[in-house]
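Reader: I have a new model on my screen. Please walk me through how to read it.

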Amino acid sequence: MSTTDTGNNLFPVFFKLEEMNLLIVGGGYVGWEKLSVVINNSPKTKIKLVAKEMGQEVIDLAMEYPNITLLEKAFEESDLEGINLVIVGINDPDASSSIQLICRQKNILVNVADKPSLCDFYLGSVVKKGDLKIAISTNGKSPTVAKRMRELLTDVIPDTIDEVLQNMTEIRDKLKGDFDYKVNKLNEITKSWKNGKG
Ligand SMILES: C[C@@]1(CC(=O)O)C2=NC(=C\c3[nH]c(c(CCC(=O)O)c3CC(=O)O)Cc3[nH]c(c(CC(=O)O)c3CCC(=O)O)/C=C3\N/C(=C\2)[C@@H](CCC(=O)O)[C@]3(C)CC(=O)O)/[C@H]1CCC(=O)O
Ligand SMILES: NC(=O)c1ccc[n+]([C@@H]2O[C@H](COP(=O)([O-])OP(=O)(O)OC[C@H]3O[C@@H](n4cnc5c(N)ncnc54)[C@H](O)[C@@H]3O)[C@@H](O)[C@H]2O)c1
């Protein structure tokens, strides 16, 4: 996918991954890294992980999650049956390209780790505080900066933000009135947050 000179044109979305079927190809370090990041964010995702050789870390992690299925074999096209999303992390560039091509033909979105030209979507750096989640992208320019931004935001956002979210949900549920009334009321309550106050 190409970029333009207008900055970051990627479109951010938050997938309900736990309602999807994910295929991960690769059972080495990168395969384990991607499996971990998925499990940390969306632990109930139905994951099939296919690898010619399965690393011990992947085996250990999969033992804790019945929703992870491991298949020790080379990737085959039939692995894509019923799959919504694919993440590839293998040490074979030709096989990576060929998997990307098959996914493209089948309209299945694919991420080939560390190979931007083969990705339909990039993974982001993730800040998570309870129900708050912030995903960071540098448009592929510097994953290291994305990681540093994650650390910075994790430090400055108070852990109590989750209590605030739960309280706001309660207030939101209790508000009676039409849509405009609710929007105005919720904006009023949080007004002092603007310009860093509150
Ligand atoms: C955010 C994060 C999410 C995740 O992967 O979970 C992520 N990479 C992370 C870390 C990281 N990756 C790399 C380093 C080593 C330092 C360096 O090279 O900079 C570090 C830093 C470290 O580990 O300290 C190597 C690397 N990565 C890519 C290339 C290829 C290239 O740039 O051409 C190479 C060179 C490979 C080589 O040289 O062989 C490409 C991509 N990496 C992306 C995501 C996508 C763009 C995200 C964005 O827009 O910023 C994109 C485009 C595609 C993708 O993989 O999805 C995660 C941070 C997690 C956290 O928060 O800690
Ligand atoms: N390890 C890192 O920190 C790192 C960093 C940047 C880039 N990379 C790149 O990422 C890729 C993967 O790295 P890794 O460290 O996970 O490698 P690895 O050698 O630890 O693991 C590769 C995995 O891919 C599997 N595999 C290979 N071909 C396959 C196929 N056709 N079908 C199914 N499984 C297949 C292997 O069995 C193994 O499980 C490499 O290209 C590497 O250069 C790795």
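Author: Start with the domains. The C-alpha centres of domain 1 and domain 2 lie 40 Å apart. Domain 1 runs over 17-123 and domain 2 over 161-193; such bounds come from an automatic or database domain assignment. This is a predicted model, where local features need pLDDT of at least 70, side-chain atom pairs count only at pLDDT 80 or more, and totals for chains, interfaces and linings use all residues. Residues are numbered from 1 along each chain as its sequence is written, while chains are lettered from A and ligands numbered from 1 in the order in which they are written.

Reader: How many helices and strands are in the protein chain?

Author: Helices (H or I, at least four residues) and strands (E, at least two) are DSSP runs, numbered from the N terminus. The protein chain has six helices and seven strands. Their order along the sequence is β-α-β-α-β-β-α-β-β-β-α-α-α.

Reader: Which residues of the largest nonpolar core touch the most other members?

Author: First, the idea. In soluble globular proteins, nonpolar side chains tend to be buried together. Buried needs 20 or more other C-beta atoms within 10 Å of the residue's own, with C-beta atoms placed from the backbone. A nonpolar core joins buried Ala, Val, Leu, Ile, Met, Phe, Trp, Tyr and Cys residues through C-beta atoms within 7 Å. Here, the largest has 28 residues, and Ile-24, Val-25, Leu-49, Val-86 and Val-88 touch the most other members. Elements that each supply at least two of its residues include β1 (21-25), α2 (56-63) and β4 (85-88).

Reader: What is Leu-49 in contact with, beyond four places in sequence?

Author: Contact means C-beta atoms, placed from the backbone, within 7 Å. For Leu-49, the partners include Ile-24, Leu-35, Val-58 and Leu-70.

Reader: Now the ligands. Which residues come nearest to ligand 2?

Author: A residue counts as near if its C-beta atom, placed from the backbone, lies within 6 Å of the molecule. Around ligand 2 there are 20 residues, and Gly-27, Gly-28, Val-30, Lys-52 and Ile-90 come nearest. Two elements give two or more residues to this shell: α1 (29-41) and β2 (46-51). α1 gives the most, with three.

Reader: And which helix gives the most to the shell around ligand 1?

Author: Helix α4 (residues 143-156), with five residues. Ser-125, Thr-138, Gly-140, Pro-143 and Ala-146 come nearest to ligand 1.

Note on methods. A residue is buried if 20 or more other C-beta atoms lie within 10 Å of its own, exposed if 12 or fewer, and partly exposed in between; C-beta atoms are placed from the backbone. Two residues are in contact if their C-beta atoms, placed from the backbone, lie within 7 Å.
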